[in-house]
Amino acid sequence: MTTPTRPPTRPPARPEPRPETDAATVSVAVDVAAPVEHVFDVFTLRMTDWWEPTHHLLDDTSEMLVEPWVGGALTDVNPAGERCTWGRVLVFDRPAAFAFSWNITARWELETDPARCSEVHLVFTALDARRTRVVLEHRHLDRHGAGWEGMRDAVGGTGGWGLDLRRLAEVAAASA
């Protein structure tokens, strides 16, 4: 008796995010040619390496810090030592899940009211020992109030999370 085998699967030559947007959530996924622990660490500990450099509230951001515990801060720092804390860690479950609040208004300024902050949730799934799927959901964008659709369109557009996850995939694969 012959045991059926599945045809071999090959990762895409270049990981491509697949944006899916609903009313108040933007979802993007990417497959990364790197182990799950490495991809998680690059996302959380090396944000400066893959984050689009023009996407900061603080001018001349040179470092992005994540305090790796629930309640920890996500903070941009510039060479002058100025700091901008723009998020709080909601989930830190290495290497499976990471979530943080998005404390940024629809006018791209700091939001101080937690009830008006959206959330970014990520799930990291090992496809095999050398490949990882990252699924990102930016949820509750409507909490930002008037103008939230513009933020949804920005983070869900070509220069938003899809761009950042492509950059993450490139950095993680190159350093694995």
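Predicted model: local features only at pLDDT ≥ 70, side-chain atom pairs only at ≥ 80, totals over all residues.
Read from the N terminus, the elements come in the order β-β-α-α-β-β-β-β-β-β-α-α. So much for the outline.

Next, burial and contacts. The chain has 176 residues, and 44% of them count as buried. If we take the contacts between residues at least 6 apart in sequence, 52% of those join residues at least 24 apart.

Now the core. Which residues of the largest nonpolar core touch the most other members? They are Phe-43, Phe-100 and Trp-102, in a core of 38 residues. Helix H4 gives the most to this core, with 6 residues. As a general remark, nonpolar side chains tend to be buried together in soluble globular proteins.

Let me stay with Phe-100 for a moment. Setting aside residues up to four places away in sequence, Phe-100 touches Phe-43, Leu-74, Trp-86, Arg-88, Val-89, Leu-90, Ser-118, Glu-119, Val-120, Leu-122 and Trp-161. You can find Arg-88 and Glu-119 among those contacts, and they are charged residues.

One is Leu-136, which sits in strand S8. Is Leu-136 buried or exposed? Its relative accessible area is 0%, so Leu-136 is buried. Apart from neighbours within four places in sequence, Leu-136 is in contact with Val-26, Ser-27, Val-28, Val-120, His-121, Leu-122, Trp-161 and Leu-165. Take Val-120 from that list: Leu-136 and Val-120 are 16 residues apart along the chain, and their C-alpha atoms are separated by 6.9 Å. Val-120, Leu-122 and Trp-161 were also among the contacts of Phe-100.

The other residue is Thr-44, in helix H1, which covers residues 36–45. Thr-44 has 1% relative accessibility and therefore counts as buried. Beyond its neighbours within four places in sequence, Thr-44 is in contact with Val-66, Phe-92 and Phe-98.

On to charged pairs. How many salt bridges does a search of the whole structure find? The search finds 10. I will go through three of them.

In one, the side chains of Arg-133 and Asp-31 meet, at 2.6 Å from N to O. Arg-133 lies in strand S8, residues 131–139, and Asp-31 in strand S2, residues 26–32, so this pair ties together parts that are 102 residues apart in sequence. Arg-133 is partly exposed, with a relative accessible area of 30%. Asp-31, in contrast, counts as buried because its relative accessibility is 12%, and the cut-off for buried is under 20%.

Another salt bridge joins Asp-49 and Arg-46, with the closest N and O atoms 2.7 Å apart. Here Asp-49 is partly exposed at a relative accessible area of 39%, and Arg-46 is partly exposed at 29%.

A further salt bridge is formed by Glu-137 and Arg-139, where the closest N and O atoms are 2.9 Å apart. Glu-137 counts as partly exposed, at 26% relative accessibility. Arg-139 is partly exposed as well, with a relative accessible area of 28%.

Last topic: pockets. The largest pocket holds about 240 Å³ of space. Its lining is made of 17 residues, and those nearest the centre are Trp-51, His-55, His-56, Trp-102 and Trp-108. We have already met Trp-102 in the largest nonpolar core. Which helices each supply at least two residues of this lining? They are helix H3, residues 148–156, and helix H4, residues 161–175. By class, the lining of the largest pocket divides into 10 nonpolar, 5 polar and 2 charged residues.

The second largest pocket has a volume of about 200 Å³. It is lined by 14 residues, of which Asn-103, Glu-111, Thr-112, Pro-114 and Cys-117 lie nearest its centre. Strand S5, residues 83–93, and strand S7, residues 118–128, are the elements that give two or more residues to this lining. S5 gives the most, with 3 residues. The lining of the second largest pocket has 4 nonpolar, 5 polar and 5 charged residues. For the largest pocket, recall, the count was 10 nonpolar and 2 charged.

That is the end of my part.

Technical notes: Residues numbered from 1 in each chain as written. Heavy atoms only, no water. 1 Å grid on protein atoms, 1.4 Å probe; cavity = no way out; pocket = protein on both sides within 12 Å on 5 of 7 lines; lining within 4 Å. Points joined across faces, edges and corners; volume = space filled by probe spheres on them. Helix = DSSP H or I, 4+ residues; strand = E, 2+ residues; numbered from the N terminus. Core = buried A, V, L, I, M, F, W, Y, C linked by side-chain atoms within 4.5 Å. Buried < 20%, exposed > 50% of the residue type's maximum accessible area, 1.4 Å probe, protein only. Contact = heavy atoms within 4.5 Å. Salt bridge = Lys/Arg side-chain N within 4 Å of Asp/Glu carboxyl O.
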